[in-house]
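The sequence and structure come first.

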Amino acid sequence: MATSAHVFLFFCIGALLFALASVQPVRVGADDTQIFGVQLTADPPSPLNCTAACDYRCSESSHPNGCKRACGTCCIRCNCVPPGTSGNQQACGVCYARQKGPDGNPKCP
Ligand SMILES: *[C@@H]1O[C@H](CO)[C@@H](O)[C@H](O)[C@H]1NC(C)=O
């Protein structure tokens, strides 16, 4: 009788682990596409409209043209423009944060 209790216990643990493993369907799905070495998602290479995003990003800048030029470069390199008209650079991750202008200061608006 002890063995069938053990079998039942193992079954419960297995079911629990399986349930925990399926709690992250989004990450699992994203990793699944890479198992075959093929990008299965339908995203085009540059889904972001940098012109439109940077027009908005720089709409309150004191130097809109310089802002848009830098923003466009950063947008193409990092495929990201932060939300809002200033700040929020962390939303675009390390790529955006590490772009530096000629003076060594962060370049991306
Ligand atoms: C990007 O947005 C601008 C301004 O809204 C528009 O004129 C342009 O056609 C858009 N470009 C793409 C590739 O969607």
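## Overall architecture

In what order do the elements of the protein chain run from the N terminus on? They run α-α-α-α-α. The protein chain holds five helices and zero strands, where helices (H or I, at least four residues) and strands (E, at least two) are DSSP runs numbered from the N terminus.

The model is predicted: local features need a pLDDT of at least 70 and side-chain atom pairs count only at pLDDT 80 or more, while totals for chains, interfaces and linings use all residues. Residues are numbered from 1 along each chain as its sequence is written.

Of the 109 residues in the protein chain, 13% are buried. A residue is buried if 20 or more other C-beta atoms lie within 10 Å of its own, exposed if 12 or fewer, and partly exposed in between, with C-beta atoms placed from the backbone. Two residues are in contact if their C-beta atoms, placed from the backbone, lie within 7 Å. Among contacts with a separation of 6 or more, 39% join residues 24 or more positions apart.

## Confidence

The average pLDDT (the predictor's confidence in each residue, from 0 to 100) is 76 for the protein chain, and 58% of the residues score at least 70. Confidence is highest in helix α3 (residues 50-57), at a mean of 97, and lowest in helix α2 (residues 25-35), at 46.

## Core and helix α4

The largest nonpolar core consists of ten residues: Cys 54, Cys 58, Cys 67, Ala 70, Cys 71, Cys 74, Cys 75, Val 81, Tyr 96 and Cys 108. Helix α4 (residues 64-78) contributes the most to this core, with five residues. A nonpolar core is here a set of buried Ala, Val, Leu, Ile, Met, Phe, Trp, Tyr and Cys residues joined through C-beta atoms within 7 Å. In soluble globular proteins, nonpolar side chains tend to be buried together.

The buried residues of α4 are Cys 67, Lys 68, Ala 70, Cys 71, Cys 74 and Cys 75, and they pack against α3 and α5 (93-98). Leaving aside neighbours within four places in sequence, Cys 67 contacts Cys 58, Ser 61 and Pro 109. The 15 residues of α4 should span 21 Å at 1.5 Å a residue, which agrees with the 20 Å between its end C-alpha atoms; the expected span is 1.5 Å times one less than the number of residues.

## The α4-α5 loop

Asn 79 follows α4 and is found in the loop between α4 and α5. Its phi is positive, near 50°, in a residue other than glycine. Asn 79 counts as partly exposed because it has 16 C-beta neighbours inside 10 Å.

Asn 88 lies in the loop between α4 and α5, with a positive phi of about 65° although it is not a glycine. Asn 88 is partly exposed, with 13 other C-beta atoms within 10 Å.

## After α5

Not counting residues up to four places away in sequence, Lys 100 touches Asn 105, Pro 106 and Lys 107. Lys 100 and Cys 74 are 26 residues apart in sequence, and their C-alpha atoms are 9.8 Å apart in space.
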